[in-house]
Amino acid sequence: MYINEKIRNLATSVEKEITPYFERIDEIARFNQEKVLDAFIKNRVGENCLNPSTGYGYGDVGRETLEAIYADVFGAEDALVRHNIVNGTHCLTISLFAVLRPGDTLLAATGKPYDTLEEVIGIAGNSGGSLKDFGVSYKQVDLIDGDVDLEGITKALTPDVKTVILQRSKGYDWRDTLSCEKLGKAITHIKSINPDVCCIVDNCYGEFAETTEPSQHGADLVVGSLIKNPGGSLAQSGGYIVGKKEYVELAAFRQTAPGIGKECGATLGQNRYMYQGLFMAPHIVAQAIKSAVFAGALMQKLGYEVNPKPEANHYDIIQAIKFNDKDKLIKFIQGIQKASPVDSYALPMPWDMPGYQHEVIMAAGTFVSGASIELSADAPIKPPYVGFMQGGITYESARLAIMNAAAEIYED
Ligand SMILES: *Cc1c(COP(=O)(O)O)cnc(C)c1O
């Protein structure tokens, strides 16, 4: 690893400035740890829960107990937690197809959803089997100055709108992450106009960043990936859906088959990782947010605009850095990869990744392939060349990689 003296000194001074912000992060982690541990105890987790099932997986006590724990932790009625949901996009797709029917309209209330959902909805690409192919229309209300446009939502909420999707995190946008409180206000507003609308929150990267989750603020379904926050870096694959019982059942019918739902699904030895990962998640998320604060502070010192600012409340684990320069962006991301524990010798390059409309570069020198709760950095290759860095399962290791990435462009 190559970190010059100047970057090391800068890091030391930056760290003195940001230490006071860590107290709030630790406090949230303490609160969430108690919530998670309480749920383990209440649901009587035993050694038997960690054992694998095979075949149909009927009566897998580990799977059923873990789903009860997720429901408790998220303050929800029910949960579907499965290792064989392939990623966050798949999990969101299951939820959308579960609740929408031909002739319905889907409304995106926080601007355009995450890039990979464009082909799912049918507004980009020409993939067969999109919502559009099944006769589901789509409209969206953009954020105004980073805030939810309640008036716009009022106008857009025509009777054909059966489902509203809201996104907590910024995705690949230069915008503020929405706090649970803001999401809650938007959902309350939507329900005041039509209480029967199903509100789905894309919760990716937001879990355990606050002391509550969107399911405790009126969301009907809350969806996320297990190779992000709630998997605690140990889950090897998977996704979760929590929320109202009737909607979780529909999601389970979509994930397996109508009439079978949650009753089937062998866990094949994945339970142990999902349990221990959830147990670790509050702490790991705190490590990731501290890493984000450090990166924001260091890059700001080097003259780059960052979002969120180091002193701001972090509502997810993402740190966005505006490079205004394609080369610097690419070098920074490569610098993160070079200081990773796995595949440090691989050089990430921009490529046409499935599901994305721009070339994307991704650094993920991770133990679980592509897991972005581990330190990772990625960016669509388009002006103003914003890099999105997230994760870090130990603050100490993420800090080194961020310094290494900063040194890469400092040399320029
Ligand atoms: C990661 C993410 C997704 C899903 O992405 P996958 O790579 O399919 O897991 C969706 N929405 C947001 C905001 C995300 O951060």
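The model is a predicted one.

Empty space in the structure was examined first. Rolling a probe the size of a water molecule over the atoms shows where empty space is left. The largest pocket has a volume of about 1000 Å³. Its lining is made up of 46 residues. Closest to the centre of this pocket are Asn 87, Thr 89, Thr 116, Met 353 and Tyr 356.

Several helices and strands contribute to the lining of the largest pocket. At least two residues each come from the helices α3 (88-99) and α4 (117-121). The strands β10 (360-363), β11 (376-380) and β12 (386-390) likewise supply at least two residues each. The biggest contribution is that of α3, which gives five residues. By class, the lining of the pocket holds 20 nonpolar, 21 polar and five charged residues. Domain 1 (5-32 + 278-410) provides at least three residues, and so does domain 2 (51-269).

The structure contains three cavities of 30 Å³ or more. The largest cavity holds about 60 Å³ of space. Its lining includes Arg 24, Ile 25, Ile 28 and Ala 29. Phe 208, Ala 209 and His 314 also line the largest cavity. Helices α1 and α8 (271-301) each supply at least two of the lining residues. In this lining, nine residues are nonpolar, one is polar and one is charged.

Helix packing was considered next. Helix α1 spans residues 5-42, and helix α10 spans residues 395-410. The axes of α1 and α10 come within 11 Å. They cross at roughly 135°. The two helices are therefore oblique to each other. The crossing of α1 and α10 is right-handed.

Helix α10 also packs with α8. The axes of α8 and α10 lie 9 Å apart, at an angle of about 25°. Angles under 35 degrees count as roughly parallel, so α8 is roughly parallel to α10. The crossing of α8 and α10 is right-handed.

Most residues other than glycine have a negative phi, and most peptide bonds are trans. Against this background, the peptide bond from Asn 307 to Pro 308 is cis, with omega near 0°. Pro 308 sits in the loop between β8 (305-307) and β9 (319-322). A cis peptide bond also runs from Pro 383 to Pro 384, again with omega near 0°. Pro 384 belongs to the loop between β11 and β12. Both of these strands supply residues to the lining of the largest pocket.

A positive phi value occurs at Ser 233, a residue other than glycine. The phi of Ser 233 is near 75°. Ser 233 is placed in the loop between β6 (221-225) and β7 (239-243).

How values were computed:
Residues numbered from 1 in each chain as written. Predicted model: local features only at pLDDT ≥ 70, side-chain atom pairs only at ≥ 80, totals over all residues. Heavy atoms only, no water. 1 Å grid on protein atoms, 1.4 Å probe; cavity = no way out; pocket = protein on both sides within 12 Å on 5 of 7 lines; lining within 4 Å. Points joined across faces, edges and corners; volume = space filled by probe spheres on them. Helix = DSSP H or I, 4+ residues; strand = E, 2+ residues; numbered from the N terminus. Nonpolar A, V, L, I, M, F, W, Y, C, P; charged D, E, K, R; others polar. Domains from an automatic or database assignment. Axes fitted to C-alpha atoms, helices over the stretch in contact; angles between N-to-C directions. Parallel < 35°, antiparallel > 145°, perpendicular 65-115°, else oblique. Left-handed = near helix turned anticlockwise from the far one by under 90°.
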